[in-house]
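Reader: I have a model open and would like to learn how to read it. Can we go through it feature by feature?

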Amino acid sequence: MAETASNSAPSTTPTAEAPAPQETKKTTEAPVRWADLEDEASEEPSASSEDKGAPELGVENLKIDESKKINKFLDEPEDSNIKAVTAGETPYTSAFTFEELNLSPELLKGLYVEMKFEKPSKIQAISLPMILTPPHLDLIAQAHNGSGKTTCFTLGMLSRVDPNLKAPQALCICPTRELAIQNLEVLRKMGKHTGITSECAIPMDSSNYIPINKRAPVIAQVVIGTPGTIKKWMSAKKLGVSNVKILVFDEADHMLAEDGFKDDSLRIMRDIEKMSSHCQVLLFSATFSDTVKNFVSKIVKRDHNQLFVKKEELSLESVKQYKVNVPDELSKVMVIKDRILEFGERLGQTIIFVRTRNSASMLHKALVEFGYDVTTIQGALNQAERDKIVKEFKDGLTQVLISTDLLARGFDQQQVNLVINYDLPVKHDNRVEPDCEVYLHRIGRAGRFGRKGAVFNLLCGDMDQMIISKIENHFDSKIAEVPDWRNEEDFKAALRSAGLL
DNA sequence: AAAAAAG
């Protein structure tokens, strides 16, 4: 069974038959070894459950033996406590192996052979039984950046699809086109041997635009896309949802936040619930602000499972954060150029985050004028350009990528060791307030799957000082300072301490 | 004036 071609991102979305190009390049590291060290030995008393007297899962059994993981490059990224609150009477047992999950042999082959996984990560061990066990309760799941959330919901979708029913049965909604494409690539790779069909629902470029009413109805079994297009296909009746049994929101806090995609997301959720009697809803993100957490627990079904992490325990220990005080805008460029990019490829790939599209193109011009080979991505580019920039970066052809918050969430490129905040993330309606969720997502682009990484926050002026100290307070962690922005040795020391030199 | 997505 061939994959359904992606209508919307035709040339750039690799199919399962054409393996992603980076497969051939990033071979140096050993396969990811999850949870291969811990467990029964290092039990500790669990914190008592405070909420609703609901039963608490024995997640403490998954705690890692700290003494055994010294000097280990690929650490378990989320060894702090994940707090589980389960509903109903269903007891869940964490899965220490994928075999315990009753997956099809085809799917297991995808996990071991294509994905090269050995064992479930912690969030996978806890959440997969909840996702896969009847009565398939809704789930709100928070877990650290780079800890393997995508695998949780991708496996959920693949294992709940009936291969004999040629109709949409699983839907996944993402905040950006890039994330939709990336998630589709993962799904096709993981599901390579299952024959399950999939399609990407993102807006098409004007060049290959086909009016929705002239298009054939969707028969792909899994549809992954952005909210506007999904909504459009649904209301044009080209995407039938009566067989949908699992609905996933990736970056769910943003998808359901007041200033995010709330209206579209809710509309999609309600329309599916109307057509499809019991559709399981999965909400995944690394962040849930208190407001959003409160809201999302109301919109899912009354009986649902929850996994949460305290915000103080959310920063990745493997990623060292720094602040750099500079006198003016130009010195930000100088720091990037002379103190960071000078190290070249030794540091791996770098993403520089800026606040605005304008800021992106200014910085781009400046660095290009200094002779650096950088690329820039932001939402004003057309889809073909966006795809090209992402592909070049994922293929390792470009070393330094400037981005707006377009790539702040979910973008997974394991070779990114360095994140630079050229502008700090701030709330769009109130620029003196930091956006702590976006901050966490940005720094999570480094240190994927427990790898080492460094973040440099470039600070200029009192406002930046205030914002960064609010971020420190929010996560209850102190960000180390690079003493002198002009001193090369200070940066060397910082990078060394981060494990990158 | 300001990310993203889409009409």
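**Charges, rings and a DNA strand**

Author: Start with one charged pair. K262 forms a salt bridge with E258, and their closest N and O atoms are 2.9 Å apart. A salt bridge here is a side-chain nitrogen of Lys or Arg within 4 Å of a carboxyl oxygen of Asp or Glu. A word on the ground rules: this is a predicted model, in which local features need pLDDT of at least 70, side-chain atom pairs count only at pLDDT 80 or more, and totals for chains, interfaces and linings use all residues. Residues are numbered from 1 along each chain as its sequence is written, chains are lettered from A and ligands numbered from 1 in the order in which they are written, and side-chain values use heavy atoms, with hydrogens and water left out.

Reader: Is K262 buried or exposed? And is E258 buried or exposed?

Author: Read the relative accessible area. Buried means under 20%, exposed over 50%, and partly exposed in between (1.4 Å probe, protein chains only). K262 is buried at 14%. E258 is exposed at 66%.

Reader: How many salt bridges does this rule give?

Author: The general idea is simple. Side chains of opposite charge can pair when their charged atoms come close. Here the count comes to 23 salt bridges. One of them joins R386 to E178, with the closest N and O atoms 2.7 Å apart. R386 lies in helix α12 (residues 383–394) and E178 in helix α5 (residues 177–190), so the pair ties together parts that are 208 residues apart in sequence. Helices (H or I, at least four residues) and strands (E, at least two) are DSSP runs, numbered from the N terminus.

Reader: Are R386 and E178 buried or exposed?

Author: R386 is buried, with a relative accessible area of 5%. E178 is buried too, at 6%.

Reader: What does a salt bridge within one helix look like here?

Author: Take D271 and K274. Their closest N and O atoms are 3.5 Å apart. Both residues lie in helix α8 (residues 262–275), three residues apart, about one turn of the helix. K274 is exposed, with a relative accessible area of 67%. Salt bridges can also share partners: E251, D253 and R409 are joined that way into one network.

Reader: Now the rings. How many aromatic pairs are there?

Author: Rings of Phe, Tyr and Trp (its six-membered ring) pair if their centres lie within 6.5 Å; planes under 30 degrees apart count as stacked, over 60 as edge-to-face and the rest as tilted. The structure holds eight such pairs. F456 and F491 make a tilted one, at 5.6 Å centre to centre and 45 degrees between the planes. This pair links distant parts of the chain: F456 is in strand β14 (residues 453–459) and F491 in helix α15 (residues 488–497), 35 residues apart. Both are buried. Elsewhere, F98, Y112 and F117 form one aromatic cluster.

Reader: Which charged ends sit over rings?

Author: The test is NZ of Lys or CZ of Arg within 6 Å of the ring centre and within 35 degrees of the ring normal. The charged end of K293 sits over the ring of F308, 4.6 Å from its centre. The charged end of K332 sits over the ring of Y422, 5.0 Å from its centre.

Reader: Which residues come nearest to DNA strand B?

Author: A residue is near a strand if one of its heavy atoms lies within 4 Å of it. Of the 21 residues around DNA strand B, P203, T226, K232, R357 and R386 come nearest.

Reader: Which parts of the DNA are within 4 Å of the protein?

Author: Of those DNA atoms, 67% belong to sugar or phosphate and the rest to bases. An N or O atom in the side chain of K232 is 3.0 Å from a phosphate oxygen of DNA strand B.

Notes. Polar contact = N/O pair within 3.5 Å; in protein donor to acceptor, adjacent residues only side chain to side chain.
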